[in-house]
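Hi there,

Here is the structure I promised to pass on. Have a look at it first, and my notes follow below.

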Amino acid sequence: MTNMKRVALHEKPRLGIMGGTFDPIHYGHLVAAEMARGEFDLSKVLFIPSGTPPHKIRRDVSAANLRYEMVELAIKDNPAFDLSPLEIERRGLSYTVETLRILRRTWPEYELYFITGTDALLEIFSWREAEEILTMIQFIGAARPGFDASDFLLKVQQEHPETLGRIHYLEVPALAISSTDIRARVRNKQPIRYLLPEPVRLFLQQHGLYDAE
Ligand code: ATP
Ligand code: MG
């Protein structure tokens, strides 16, 4: 039945893409991905931990394999969530446009939906080959406390009419959780329980992540 519904509503199956540093992954990421899945009828959401993120070169980012394992622990109970080593296996900096070209080839029959928080949405026109990206995929900007997208969306409508209908704002139960705050909490010996899945909390504890940043 779900297949019939899909055919009736939209022609192609839809793949969600959730890129991030995930240092560590937390409930903000998971809620954004799950609400986007439900709202846009995504068949699957692929989490893609970044390699060496172009915008975070200055801070020491945790080893890619550790960030990858934390995502694995966080998503394993959701059958619609999947994990891709695409960016961490690639040498050098990872640019979203390159990742999307690979995904486009790997999933030719799918419509691609890139999920971001509103903080990242506000930045998309500074991404390498942004205009090209916007012709390849759709964007879902999930509400994130502290980052209002309404001015941005108005401006995009006026200045980039070619993106009409390709950038979607998604209201989600807002979670003011960030990886930066979680790392600071670990450093300051403050609690992080309930900000992220328990297996991830135990994992970062076992590996002494963020203790002495
Ligand atoms: P950092 O503080 O290190 O930047 P972060 O919490 O912002 O970490 P990222 O890995 O940078 O997490 O984010 C990956 C993606 O998830 C981005 O698109 C970001 O906007 C989105 N995101 C992160 N936290 C939230 C949240 N609380 N609500 C909605 N979206 C979020
Ligand atoms: Mg961030």
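To start with something you can check by eye: is Lys-189 buried or exposed? Lys-189 is exposed, because its relative accessible area is 71%; exposed means over 50%, buried under 20% and partly exposed in between, with a 1.4 Å probe and protein chains only.

Some housekeeping before the rest. This is a predicted model, where local features need pLDDT of at least 70 and side-chain atom pairs count only at pLDDT 80 or more, while totals for chains, interfaces and linings use all residues. Residues are numbered from 1 along each chain as its sequence is written, chains are lettered from A and ligands numbered from 1 in the order in which they are written, and side-chain values use heavy atoms, with hydrogens and water left out.

**The protein as a whole**

The protein has 10 helices and 6 strands; these are DSSP runs numbered from the N terminus, with helices being H or I of at least four residues and strands E of at least two. A compact globule of 213 residues would have a radius of gyration near 17 Å, and the value for this protein is 17 Å, so the two agree. That radius is taken over C-alpha atoms, and the globule rule is 2.2 Å times the number of residues to the power 0.38. Along the principal axes, the C-alpha atoms fill a box of roughly 50 × 40 × 35 Å.

Of the 213 residues, 46% count as buried. Contact here means heavy atoms within 4.5 Å. Among contacts with a separation of 6 or more, 78% are between residues 24 or more positions apart. The accessible surface comes to about 11500 Å², and carbon and sulfur atoms own 52% of that surface; areas come from the Shrake-Rupley method with a 1.4 Å probe, and for residues only the protein chains shown count as cover.

As for charge, there are 26 positive and 29 negative side chains, and the centres of the two sets lie 4 Å apart. Lys and Arg count as positive and Asp and Glu as negative, leaving out His and the chain ends; each charge is placed at NZ of Lys, CZ of Arg, CG of Asp or CD of Glu.

**Strand β4 and its partners**

Strand β4 (residues 111–117) is largely enclosed by the rest of the structure, because 6 of its 7 residues are buried. β4 pairs in the parallel sense with strand β1 (residues 14–20) over 5 bridges, and also in the parallel sense with strand β5 (residues 138–142) over 5 bridges; a pair needs at least two DSSP bridges between the strands. Phe-114 in β4 stands opposite Ile-17, and the bridge partner of Phe-114 in β5 is Phe-139.

Thr-116 also belongs to β4 and is buried, at 4% relative accessible area. Beyond four places in sequence, the residues it touches include Trp-127, Phe-139 and Gly-141.

Trp-127 itself sits in the loop between α6 (118–121) and α7 (130–136). Its contacts beyond four places in sequence include Thr-96, Phe-114 and Ile-133. Trp-127 and Thr-96 are 31 residues apart in sequence, with 7.9 Å between their C-alpha atoms.

Met-18 is in strand β1 and is buried, with a relative accessible area of 4%. Met-18 and Ile-48 are 30 residues apart along the chain, yet their C-alpha atoms are separated by 6.1 Å. Leaving aside neighbours within four places, Met-18 is in contact with residues including His-29, Ile-48 and Ile-115.

Ser-50, in the loop between β2 (44–49) and α3 (64–75), is buried too, at 8%. Among the residues it touches beyond four places in sequence are Gly-20, Arg-67 and Glu-87.

**Backbone points to look at**

Most residues other than glycine have a negative phi, and most peptide bonds are trans. Which peptide bond is cis? The bond from Asp-23 to Pro-24 is cis, with omega near 5°, and Pro-24 lies in the loop between β1 and α2 (27–40).

Glu-129, in the loop between α6 and α7, has a positive phi near 55° and is partly exposed at 38% relative accessibility. Lys-189, in the loop between α9 (179–187) and α10 (198–206), also has a positive phi, of about 55°, although it is not a glycine.

Happy browsing, and write back with any questions!

Best wishes
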